[in-house]
Amino acid sequence: ARDFVWSEANGDFIALCEGDDYWVCSEKLQRQFDALENHEEIDLCFHDHFNLDNSGRITPSLIHSNRMNHILEVKEILMADGDFMSTASLMVRTRSLLNMPEWFSSTPVSDFFIQVVCSLNGALYLPERMSVYRTFAPNSWTATFRSMSPSDLKNYYDSLDKSLEDLSGFLGASYSKEISYRRFMLCMS
C-alpha cells in the first residue's frame, strides 16, 4: 500500500478501510479530520466500531466500552491485542504512513505496526461507533489464518517475531518490556 496507494495520496490524511469492512457514519471522515486538526501533534485517530458475524448479526465492540475521548500512549497500544484498533477506524496523517520504517514492507500483517509506529506521539480515540468490522469473513485474513498449515503458521510466527524485533530496534530501549511481552504472547500462541 505504501508504494502503490499511499504514495498517490494528495491530501494530508489517509483513512483506511479494507474490503470486508465498511463505514456506517456519514460524518466519520469529517469528525476524524477535525479531531486531528485540533491535535496537530498526533498522527493517528481511531474510533469504536461494530462487529458483524457470518450470520449477519451486528453487535457493538466491547473493547472500548467505557472509554471516552482520550489520547492513548504507544505503551497502551503495544500491550493491546491486534484488534484494539479496527483498521476501518484508522485515519492517519499521510506523512506518517509514507515515512514508515523500511522493515515495515516485510511485516506479515501491517495493522498492528501501523498502529504502533503512527502512535508514537499518541493516538486519539473517538468513542463513536462509525465502522463495521466483519469477523471471520470468507477470504479474510482471519479465515486464511485459521486454515494455515502448521508449516505456514510457523513461517508466519517467525516472520511476525522478526517484525517485532525490528520494531524493538526502531523504538529503542524505552519499550523493551512491552515488546518482550508481545513476543512472549506470540510464543504462547
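Before I place residues in elements, a word on terms: helices are DSSP runs of H or I with at least four residues, and they are numbered from the N terminus. I also remind myself that this is a predicted model.

**Entry 1: isoleucine 179**

I looked up isoleucine 179 and found it in helix 7. Is isoleucine 179 buried or exposed? At 3% relative accessibility, I put it down as buried, because the cut-off for that is under 20%. Setting aside residues up to four places away in sequence, I see isoleucine 179 touching Leu78, Leu164, Leu167, Ser168 and Leu171.

**Entry 2: helix 6 with helix 7**

Next I turned to the packing of two helices. A packed pair is described by the angle between the axes and the distance between them. For helix 6 (residues 150-171) and helix 7 (residues 176-188), I noted an angle of about 175° and axes 10 Å apart. Angles over 145 degrees count as roughly antiparallel, so helix 6 and helix 7 are roughly antiparallel to each other. I listed who meets whom: helix 6 brings Tyr157, Leu160, Asp161, Leu164, Glu165, Leu167, Ser168 and Leu171, while helix 7 brings Ile179, Arg182, Arg183 and Leu186. Sorted by type, the residues of this contact come out as seven nonpolar, one polar and four charged.

**Entry 3: cysteines**

How many disulfides does the structure hold? I count zero. A disulfide is a covalent bond between the sulfur atoms of two cysteines.

Cysteine 118 is buried, at 1% relative accessibility. Cysteine 45 is in strand 3 (residues 44-52) and is buried too, at 0%. Leaving out neighbours within four places in sequence, I wrote down the contacts of cysteine 45 as Gln32, Ala35, Leu36, Ser89, Leu90, Met91, Leu124 and Leu126. One more distance for the page: cysteine 45 and proline 60 are 15 residues apart in sequence and 19 Å apart, C-alpha to C-alpha.

Where is threonine 107? I found it in the loop between helix 3 (94-98) and helix 4 (111-117). Threonine 107 is buried at 12% relative accessibility. A polar atom of its side chain is 2.9 Å from the backbone oxygen of phenylalanine 104. Not counting residues up to four places away, threonine 107 touches Phe113 and Ser163.

Threonine 87 is in the loop between helix 2 (74-79) and strand 6 (91-93). I marked threonine 87 as buried, with a relative accessible area of 9%. With residues up to four places away left out, threonine 87 touches Leu16, Glu18 and Asp111.

Glycine 56 lies in the loop between strand 3 and strand 4 (58-60), and I logged it as partly exposed, at 48% relative accessibility.

Key:
Residues numbered from 1 in each chain as written. Predicted model: local features only at pLDDT ≥ 70, side-chain atom pairs only at ≥ 80, totals over all residues. Heavy atoms only, no water. Helix = DSSP H or I, 4+ residues; strand = E, 2+ residues; numbered from the N terminus. Buried < 20%, exposed > 50% of the residue type's maximum accessible area, 1.4 Å probe, protein only. Polar contact = N/O pair within 3.5 Å; in protein donor to acceptor, adjacent residues only side chain to side chain. Contact = heavy atoms within 4.5 Å. Disulfide = S-S within 2.5 Å. Axes fitted to C-alpha atoms, helices over the stretch in contact; angles between N-to-C directions. Parallel < 35°, antiparallel > 145°, perpendicular 65-115°, else oblique. Nonpolar A, V, L, I, M, F, W, Y, C, P; charged D, E, K, R; others polar.
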